[in-house]
Amino acid sequence: MITTGAMTACAMIALLAGTAQAAAGDQPVATPVVERVFPLDNPLPRRAGGVQPRPEAQPLTVGAVPVARRLGDLVETDRQNVPAQLPAGDFTVELWLLDHVNQPVGTLIGTDSTASDGWVLGYRSGQAMFGPLAAGQATPSAQAPVGEGFKEFWHHLVGVREGREWRLYVNGALAAQTTADAPSAAVASLDLTGYFAAERFMHLPDLVKANATYDHALDQAEIAAVFARRTALVEQGILAPGELHFTQPPYLNSPTTSSMELSWETDRPAAARVEWGETAESLQQRSFPANGQRLGGMQLDGLKADTPYFYRVVVRDDAGGERDSGLLSFRTAPEPGMPFTIAISGDTEARTHINSRMSALIWEERPSLFMLAGDLTDGGSAENRFQWTHEYFAGMGPLFGRVPVVAAPGNGEEELQWFRHYHRQPGDEAFFSLPYGDAEIFVLDSNLEDREEREPGFRARQRVWLEQALARSTAKWKIAIHHHALMSTDDDDYGDSWTGKSTASDPEAIADFQSLYEKYNVDLVIQGHLHTYERSWPIRDGQIDPARGVTYVQVGGMGGNLEDFQPTKPWFNRKNFRDHHFLMLRGAGDRLEAEVIDADGRLRDSFTLSSR
């Protein structure tokens with residue numbers, strides 16, 4: 001958590017005033033008494049990042065009654081104490097929220113005193129509230145729905161007390177108001193509390209991105225200017241306004257036996273120095289001048305196969321501010337004949353708290369590569385950069401600075417602008433192959449209709465390439481990865497199986513891929529899109545063939561909202577379960593072993609493939 005006092009807040013607002021004033025018609029931005037920004041901090045465990053225990057949770061109460069109970073069956077899991085620098089008279093309080101989940105969550109900021117009355121500004125899954133809260137009163141009387149919000153998921157709530165008037169503003173507009181006397185008791189403390197019983201592993205900074213208090217009643221124009229400042233930062237993908245920081249932390253892609261692709265992005269153009277080597281004491285370095293761009297990257301080449309390396313990225317802006325990534329590490333790809341360990345999952349999408357949890361579990365397995373089966377974001381199109389900076393990298397970034405990523409695009413990446421911006425993968429296409437030990441990984445784009453519409457001839461070009469690549473491959477293990485599932489027991493994506501028939505398959509993906517998988521003896525197909533785990537029997541020619549069949553594994557197990565299965569099991573399904581999960585794939589000699597781990601660290605499935 002970053003705490004910004006009045007002087008720092010003034011400096012920060014001065015820095016951002018140009019953007020905010022332009023967006024709000026040159027309206028000056030009000031200066032808060034206290035402003036706090038809550039960027040996510042999801043480090044890996046122990047020496048890799050130093051996770052600190054979260055503070056003991058305490059209830060926010062009005063009188064002797066916990067507010068959590070008064071607002072419904074929500075269990076409080078996180079709390080921050082905010083200095084109560086509010087005057088006895090008029091004031092304004094602000095919350096800036098990102099609610100990209102579909103389970104009920106909530107937050108409150110308000111007085112916590114032993115008096116019989118107080119006030120709160122609150123939010124609960126689409127409903128905002130503000131006002132005095134007397135003993136026995138269930139909720140504040142000024143309430144309003146938040147509506148679609150900024151970019152659908154961002155909500156700006158402002159409570160203004162002016163005399164006996166209590167006004168609630170939502171996304172820059174007056175939404176509700178009430179008239180009441182001010183609480184009789186002085187403010188003993190001001191508490192910010194979150195309620196996340198329905199969202200496992202969620203904590204306050206996953207929902208609350210900033211809060212501020214002001215020592216006067218802001219008017220409509222001032223509130224609109226503050227809202228414009230908040231939204232401008234989101235548009236630019238900036239997480240910690242006023243300080244140099246990584247908006248894309250160091251990101252490893254496309255490992256080979258002799259090279260590694262590395263990229264990073266900062267909140268402003270900055271010079272960079274990259275250091276790397278086999279030990280922390282023997283690092284070579286390369287410098288990059290500030291070139292007006294926020295994104296930087298390079299290929300680390302001349303490396304040894306199957307070897308650990310250390311590196312760091314240090315950035316420096318024109319004002320002399322510096323940010324150091326810290327000493328990170330990775331392992332290059334193994335030569336054929338050497339064992340390998342790969343983590344696999346898909347559909348990171350929205351929930352940073354789930355992705356952070358899964359990252360920590362994956363890190364405990366120490367894979368040397370991570371394969372991601374698409375939908376890195378829920379809708380990370382050109383206008384939704386925040387889904388990359390505030391969600392994807394916020395949840396997965398610490399892991400991706402140590403474990404290189406090979407990613408297939410999903411429908412959530414839409415026109416691929418940010419997917420291509422943030423990835424350093426072979427060529428400009430979203431299909432390619434990568435040798436890795438005794439395996440060859442075939443990365444494919446299964447967004448067939450959309451790509452064909454944008455790029456006529458894409459489907460034919462990809463299919464021709466895939467057949468040629470499979471035909472010339474001499475790898476012991478052929479592994480394909482794409483987003484959409486060729487077949488799945490999902491309950492409603494292929495027809496409502498609860499009331500009628502389901503095709504249980506994607507005919508376009510089957511037409512483009514399945515015959516080639518069988519013709520060229522692909523061993524394992526990784527797919528996502530449906531947010532459950534599922535493994536097929538080995539399949540060839542539309543039937544189970546344990547000796548020559550292709551095994552399909554659906555791994556939509558990261559931050560996407562969990563889905564469900566058909567009420568009856570189709571013939572092709574061997575195993576399924578509904579929980580967040582990842583797959584660990586280990587290859588050695590003639591065996592390919594897989595284990596599937598859920599969000600609680602439990603083994604939920606395992607299987608072994610033998611070379612043909």
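Over the ring of which residue does the charged end of Arg451 sit?

## Charges over rings

The ring belongs to Phe458, and the charged end of Arg451 lies 4.0 Å from its centre. Likewise, Arg604 places its charged end over the ring of Phe577, 4.3 Å from the centre. Here, "over a ring" asks that NZ of Lys or CZ of Arg be within 6 Å of the ring centre and within 35 degrees of the ring normal.

## About the model

This is a predicted model, where local features need pLDDT of at least 70 and side-chain atom pairs count only at pLDDT 80 or more, while totals for chains, interfaces and linings use all residues. Residues are numbered from 1 along each chain as its sequence is written, and side-chain values use heavy atoms, leaving out hydrogens and water.

## Aromatic pairs

The structure holds 27 aromatic pairs (Phe, Tyr or six-membered Trp rings with centres within 6.5 Å; stacked under 30 degrees between planes, edge-to-face over 60, tilted for the rest). Trp119 and Phe130 are edge-to-face, because their planes stand at 70° with the centres 6.2 Å apart. Trp119 belongs to strand 8 (residues 117–124) and Phe130 to strand 9 (residues 127–134), so this pair ties together parts 11 residues apart in sequence. Strands (E, at least two residues) and helices (H or I, at least four) are DSSP runs numbered from the N terminus. Both Trp119 and Phe130 are buried (under 20% relative accessible area; exposed is over 50%, partly exposed in between; 1.4 Å probe, protein chains only).

## An aromatic cluster

One aromatic cluster is formed by Tyr251, Phe370, Trp388, Tyr392, Phe393, Phe400, Trp418 and Tyr422. Trp388 is buried at 0% relative accessible area, and Tyr422 is buried at 0% too.
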